[in-house]
Amino acid sequence: MSKIKSLSRLINKIVLLHFYFIIPLLALSQDSIRTEDLAKFSYDFDIEDGVFTGAGAEILMEAVTGAHILMLGNNSRNQMESELDLALAPLLNKYNYNTLVMEIGSASAQVANRLSTDPTKIIEEIKKLNQSYFFEADGLLFMPIPDLKYLGTGELLRYTKDQNWSFAGIGTESWTSYKMILAELYKNLTAQEQKVTSKEYQASILLLDILYSEMSGQSNSDLLKLCEGLKKSKAFNKFLDQARKNDDNLEILESLNFSIDYWWKYGKKEFYEKNNRNFKRNKVLLKKELVALNYNFEEDKLFLKMYRDHLAKGVTPNGFYGVGNMLMELADYNGRESLTIGVLGRFTEHENGITDILENDVYVPSAHQPFIRLGQKDVWTLVDLRPFNKVFYWGNYVQTVGMQNMMRRYDLIIIPKADRKAEVNH
């Protein structure tokens, strides 16, 4: 028995030596992925008068024109990202893209479609909308449809509508949209229905004015108070019940109720449940919109613009399968190409100069940092991740989990040159 125990101890020591000495030596014999390695796949480009120029532009244009589904993970709150949208739109139109989908609620998309019936008046109509429903909290300016707060998004919508593109929205209604949505519900009622519910409608608008005025921003406690105030209001809920009698309001009501519940869960910090429901619903909404548009995956082309993480291929950073993964698989299933672009910012212009996000990188995910270091003040940067699987995953390199995820989630990374806040359409 003692011999067996001695042998067992010896085996354990050998295993421990393997883990403590042999494996680290093997790892040291490999090269870890550094920014210098990524630079081999990094290309400069610029946008001059709405036209792409430079080596990176050639790669970008070739990738875009070869795809049937382009997924751009950016926002319209920064000027350079807005300029990227506006430079891409004519290129996409040239290669027969015909549908734009943005991450706004379906009720908000209905409003946007109505305001853009005459493309020449879109900018002014959105400005009127913003002026009608904006409010301020803690020095911040909130608009009913946050993506349409900025001039650049209106210009993108104007261009695509002028070229007869279809437009749809998938996503959760912003909590800033509720007065606008109530007005839509009321507008859809007949004159008699409006007369019956006028008192509850006016009381609901007044309630929202009060609740918005008490907000200091978008904290959990702010949104919890807002949503609980609506959920507990007899007048508000009675108005919704009466609005439901008109079939034109059913889709709007579904979008509104989901939004209130979504932001209520945000307020209660029930983040998993909130996000789980949202990711599933977005895929259902996208299917519904594409069916309504009679979208053909083999022939039609789609431009989808959402928050970067929501378009990731595979699992999103917060652990869900989103519309980005779904569209990638559908493109493959139909023998077509998809292209997923993630935009990461680095330099930002202010009145007092330019700041570098890496100067305080505690807020920058570690997986993003090697890419962001490639960003430049005076020129755009494109990193082509498509060869990475072959070169790095199958090569003699040590990879962090974060680096593997970046390779799997995006085809291209774009880092704008020094950016600034976009112009507000107000």
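Start with strand β15, which covers residues 412-415. Leu412 and Ile414 point one way from it, Ile413 and Ile415 point the other way, and all are buried. Buried here means under 20% relative accessible area, with exposed set at over 50% and partly exposed in between, using a 1.4 Å probe and protein chains only. Keep in mind that this is a predicted model, where local features need pLDDT of at least 70, side-chain atom pairs count only at pLDDT 80 or more, and totals for chains, interfaces and linings use all residues. Residues are numbered from 1 along each chain as its sequence is written, and side-chain values use heavy atoms, with hydrogens and water left out.

- Strands and helices are DSSP runs numbered from the N terminus (strands: E, at least two residues; helices: H or I, at least four).
- Two strands pair if DSSP finds at least two bridges between them.
- Strand β10 (residues 338-343) runs parallel to β15, and three bridges join the two.
- Gly342 has Ile413 as its bridge partner in β15.
- Strand β13 (residues 380-384) runs antiparallel to β15, with four bridges joining them.
- Leu382 has Ile414 as its bridge partner in β15.

**Aromatic rings**

- You'll find 19 aromatic pairs in the structure.
- Rings of Phe, Tyr and Trp (its six-membered ring) pair if their centres lie within 6.5 Å; planes under 30 degrees apart count as stacked, over 60 as edge-to-face and the rest as tilted.
- Phe41 and Phe392 make an edge-to-face pair, at 5.9 Å centre to centre with 65° between the planes.
- This pair links distant parts of the chain, 351 residues apart: Phe41 is in the loop between α2 (35-39) and β2 (42-48), while Phe392 is in helix α16 (residues 388-393).
- Phe41 is buried, with a relative accessible area of 14%, and Phe392 is buried too, with 1%.
- Phe45 and Phe52 form a tilted pair, 6.1 Å centre to centre and 55° between the planes.
- Both Phe45 and Phe52 are buried.
- Ring pairs also tie Phe258, Tyr262, Trp263, Tyr266 and Phe271 into a cluster.

**Charges over rings**

- A charge sits over a ring if NZ of Lys or CZ of Arg is within 6 Å of the ring centre and within 35 degrees of the ring normal.
- Arg281 has its charged end over the ring of Phe258, 4.2 Å from the centre.
- Lys231 does this with the ring of Trp264, its charged end 4.4 Å from the centre.

**Cavity and pocket**

- Both are found on a 1 Å grid over the protein atoms alone: in a cavity a 1.4 Å probe fits but cannot get out, while a pocket is an open set of points with protein on both sides within 12 Å along at least five of seven lines; lining residues have an atom within 4 Å of a point.
- Grid points are joined across faces, edges and corners, and a volume is the space filled by probe spheres set on the points.
- The structure holds one cavity of 30 Å³ or more, and the largest cavity has a volume of about 40 Å³.
- Helix α10 (residues 220-231) gives the most to the lining of the largest cavity, with three residues.
- The second largest pocket holds about 210 Å³ of space.
- Its lining includes Glu62, Lys313, Ser338 and Asp411.
- Elements giving two or more residues to that pocket's lining are α3 (55-65), α14 (323-333) and β10.
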